[in-house]
Amino acid sequence: MDRRRFLTLAATTLAIPGLIGRANASPVAGQSLPIPDILDVTGSADAVLEAIQGTTAFVDGGAARTTGYSQSYLGPVLRMRRGEIARPVVRNRLDSPVTAHWHGAHVAGAVDGGPQLAIASGGTWAPELEIDQPAATLWYHSHIHGQTGRQVYHGLAGMMIVEDPGAKNPGLPSEWGVDDIPVIIQDRRFGRGGELAYDLDMPTVMHGFQGDTILVNGAVQPNASVARGLVRLRLLNGSNARIYTLKFEDGRGFHQIASDGGFLPAPVARDSLVLAPAERAEIVMDLSDGATVRMVSLPDANSPMEGMMGGGGMMQRMMGGMDGTDPEAVTDEGAFAVLSLTPDRPAPASQALPRVLAGGPAPITAEPVRRRRIDLQMGPMAMRGAGNPLAINGQSYDMGRIDFETRRGEVELWEVSSDMMAHPFHVHGTAFTVLSRNGRSVPFEQLGAKDILLVDGKAEILVEFRKPADRAAPYMFHCHILEHEDGGMMGQFTVA
């Protein structure tokens, strides 16, 4: 099919090609991109997040029962500042336990929001978060073991921003909703009545649940009215399992300025960007020509069947890797629409893309005190050790078991391997430096500090532990395909 004709069709139906089953209800057309409100959680007495039930009309013909934090679906953007104490108050108005995990925040295990910190129905949790990390785009979501996938899918998630008053980058787009745009990308599936469909069987658990309709900030294929100039997109992959290879329909390039842990040392020119579940990236694009542009994605090539043919190939097929290799190895076959951008608003004054970026995290360079192996296993490899099709190092997750202990100030080298398919690997409470992927060194300038890494084969990372976590509230490490972590591909550790 002609590429432009396909993208026009995608703009109308938004059903993703190549999937079994399409949306049974029609998408709501012509929506504007919702811009979530900002809730300042440093120094505010009213920083309350309530986990509530609601209804949301994503598609024509009905409304879905959804959940969210202080709104019917998703939650406000939480803003916090380095050097201050953030005091969010989380109240649970639902009938089942929830948590609020501050994903990417460098905070102690006692306030991290992991599975041990469940908030019972009717309960309230008021943690104090000491914010001491570089400026970054993070997120928060519920993290109840066995229910994370279902709860996040129905809306218990939101974006979070750390600001650093001591690090300035004059000229970067910063006017919220005008040239600084939050973009939370999710895939969902709807039934005939417009309800959210989340039905799991063993093949779905093994692959991870994927939908056939793309939402951005809770809206189906919206259009964002933005500045005619430089525009900053804060990208978050909030999907349960889908990996996106994002690019623009007209082929224009952009600059990546930040990854999970904050600013890169300098802007990196790209033509496409792979974003695995829970990964964040900030990009700046030039829309001074006034043309409406469409962000598209290539299909997700990640599956257990691909992995059975040999590991290490999915990233090369999708993008050629993010470690400096050629991103133009991709094709446009099967691309589907994500978001449109219409530059019809005046650009703020004094916009400029800096040549170098201030305030970003530094790479970890200390000698590791030990080497640790982390094998993300599924299928026969996992069942040989655990009797469970999803495991790490032969053991399925057990909330009562501490998998290892370490100490504050220590640096470890972890060798992480994936089994059968690529897995987005996440470590709580810290950020890490990627040393290599499948034997190839990775320049820090390309990836920056990470807390999520898509492991397709083997990767070596340096992990540093600065915050404490005891046995009552340990840190997690897990695959961030949510059905995988719910199914047992997760472990926990303490930091003394």
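Which residue forms a salt bridge with Asp-40? Arg-79 does, with the closest N and O atoms 3.8 Å apart. By salt bridge I mean a side-chain nitrogen of Lys or Arg within 4 Å of a carboxyl oxygen of Asp or Glu.

Before going on, a word on what we are looking at. This is a predicted model, where local features need pLDDT of at least 70, side-chain atom pairs count only at pLDDT 80 or more, and totals for chains, interfaces and linings use all residues. Residues are numbered from 1 along each chain as its sequence is written, and side-chain values use heavy atoms, with hydrogens and water left out.

Back to the salt bridges: the structure holds 29. Arg-79 is in strand S4 and Asp-40 in strand S1 (residues 38-40), so this pair ties together parts 39 residues apart in sequence. Strands here are DSSP runs of E, at least two residues, numbered from the N terminus. Arg-79 is partly exposed at 26% relative accessibility. On that scale, buried is under 20% relative accessible area, exposed is over 50%, and partly exposed is in between, using a 1.4 Å probe and protein chains only.

Next, Glu-50 and Arg-91 form a salt bridge, again with closest N and O atoms 3.8 Å apart. The pair links distant parts of the chain, since Glu-50 is in strand S2 (residues 48-56) and Arg-91 in strand S6 (residues 89-92), 41 residues apart. Glu-50 is partly exposed at 23%, and Arg-91 is partly exposed at 30%.

Then there is Glu-415 with Arg-371, a salt bridge of 3.8 Å from N to O. Glu-415 lies in strand S27 (residues 411-418) and Arg-371 in strand S24 (residues 370-378), 44 residues apart. Arg-371 is exposed, with a relative accessible area of 53%. Salt bridges that share partners also join Asp-260, Glu-279, Arg-280, Lys-450 and Asp-451 into one network.

Now to the loops, starting with Ser-239. Ser-239 sits between strand S16 (230-237) and strand S17 (244-248), and is buried at 2% relative accessible area. Its side chain makes a polar contact of 3.1 Å with the side chain of Asp-187. A polar contact is a pair of N or O atoms within 3.5 Å; within protein, one must be able to donate a hydrogen and the other to accept it, and residues adjacent in sequence count only if both atoms are side-chain atoms. The Ser-239 side chain also reaches the backbone oxygen of Ile-185 at 3.5 Å.

Last, Gln-221 has a positive phi of about 35° although it is not a glycine.

How values were computed:
Helices (H or I, at least four residues) and strands (E, at least two) are DSSP runs, numbered from the N terminus.
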